[in-house]
Amino acid sequence: MVTGVLQIFTDLGRWILLMRQALQRPEKWSMYWKETVRQMYDIGIGSLIIVALISIFMGAVAAIQFAYQLSGQLIPIWYIGYIVRDLAILESAPTITCLVLAGKVGSNMAAELGGMRQKEHIDAMEIMGVNTASYLIMPKLIAAVVVIPLLVYVSAFVAMIGGFLASVPTGVMTAPEYTRGLLAFYEPYNVFIMTVKSVVFAFILTAVSTYQGYFVKIGSIELGKASTQAVVASNILILLADYIIALLLTA
Amino acid sequence: MSFGDTPILRGITATFERGKTNLIIGQSGAGKTVLLKLLVGLLEPVQGQILYDGRDVTHLTQKEIRTVRMEVGMLFQGSALFDFMTVEENIRFPLDMFTNWTKKEKVDRVNYCLERVNLEGVNDKFPSEVSGGMQKRVGIARAIVLKPKFLFCDEPNSGLDPKTSILIDDLIHSITMENNITTVINTHDMNSVMEIGENIILLNKGEIAWHGSANDVLSSTNDYLQEFIFASPFLQRLRQAALDQESKDKR
């Protein structure tokens, strides 16, 4: 128990020092920009299909299940559009998407940095005089906090399409009913909450995963462990942050 | 130098001379790699000094040590080539990061370095597409691209056939002499010891067991050195033949 608590504080201290080093002035902006663009492409384009696929089913399942729950009640059927929209914007798009991205992008970042550490790539860069923490982490952080919110917007939009496809062609409701629900009680502040969540979650999954990868020990088991820890720790922290943001922004 | 309570290196005092190939030799676990990592600043000594041209580099800040490292080139045991970059991009990386040269100047320098290590026409290949010996040569080209004053090589011959090993040794030796740089090689390759060992340090259990040049090896009466260098019966017979010839010549 005491060892576990000490380990948490040790990790926290090392993480703070790593982030301080990672956020130092780059040696050469053009090299960092090039790396940031590469990361943006990897995170954004590389995750677009999986995000779209998950989102369409999230929207579809939400629509069908709410149709089931609302059947035989006095609540109008067009409410399904409203529920699917706000569910996507407030919770499923930012949280589920980032949990999935922690598994895909986060584990990939941990494995990439861990592999570089084990194959002495990081040492090689250090010997050249490169601030490796900055060069290898800062572009990932910037790319993630820019691209992941965009993926979350896409996710929310696709979830609404998923809800439409699951309810309109199947005869649960008509297209005007669904559209009416989508447009009802619209609150732009909810989009602000979604944006805040996605930026915070993007930072968490990147910072945690790069930390796990950067300090990986020698051995393939360690690499696998770091990758798994990156996902587990990111997921727990994302859910914790989700609760705190919900509390702070909707209280 | 110690890891936890276990001392790894004790009382090491050595001078590595400019324009010479300085060798650190010893059995596995003798502390060769730790000594090399101390020299390049990847590890920090518990006590003592490491002087580069009279400058103590042991207690520099991260930023200061990076400035010193601009004068350092290093060839890693596994070459440590970035596998997501081509051969040319690997060699060009330090130039991209630290110089404001034009693209043509950079490409010219890369081509010169490739020519120098007898590798041409591999610019667009990825490290995985070239042989182990070629990877070492690309590693050397990358190490010398910024015209370093100090060249460190960690087991440059490991995993290579005898012919390629000789080629790599000759290359490192000629580059050292041509550019008048201080080269430190960590090896347990006996051919390297006898062919290019101008200043040799033999480590045993973290301490210097013997110090001399290749010319002193045969005539040395140091038991540990003889045991280490002439470990195989074949080499023992060769040594005896050489000593017999020497005494005949003297008579």
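Predicted model: local features only at pLDDT ≥ 70, side-chain atom pairs only at ≥ 80, totals over all residues.
In the interface, 14 residues of chain A are in contact with 15 residues of chain B. Helix H4 of chain A (residues 121-128) supplies the largest share of the chain A side, with six residues. The side of chain A that touches chain B comprises six charged, five nonpolar and three polar residues.

Within chain B, helix H3 (residues 87-98) packs against helix H5 (residues 132-144), with the axes 8 Å apart and at an angle of about 25°. Angles under 35 degrees count as roughly parallel, and H3(B) and H5(B) are therefore assigned to that class. The crossing of the two helices, H3(B) and H5(B), is right-handed. On H3(B) the contact involves Val87(B), Asn90(B) and Ile91(B), and on H5(B) it involves Val138(B), Ala141(B) and Arg142(B). Of the residues in the contact of H3(B) with H5(B), four are nonpolar, one is polar and one is charged.

Ala141(B), which takes part in this helix contact, is also among the residues with the most contacts inside the largest nonpolar core. Helix H3 of chain A (residues 79-118) gives the most to the core, namely 17 residues. When residues up to four places away in sequence are not counted, Ala141(B) touches Ile91(B), Cys113(B), Leu114(B), Arg116(B), Val117(B) and Leu119(B). Of these, Ile91(B) belongs to the H3(B) side of the helix contact described above.

Conventions. Residues numbered from 1 in each chain as written. Chains lettered and ligands numbered in written order. Contact = placed C-beta atoms within 7 Å. Helix = DSSP H or I, 4+ residues; strand = E, 2+ residues; numbered from the N terminus. Nonpolar A, V, L, I, M, F, W, Y, C, P; charged D, E, K, R; others polar. Axes fitted to C-alpha atoms, helices over the stretch in contact; angles between N-to-C directions. Parallel < 35°, antiparallel > 145°, perpendicular 65-115°, else oblique. Left-handed = near helix turned anticlockwise from the far one by under 90°. Core = buried A, V, L, I, M, F, W, Y, C linked by C-beta atoms within 7 Å. Buried ≥ 20, exposed ≤ 12 C-beta atoms within 10 Å, placed from the backbone.
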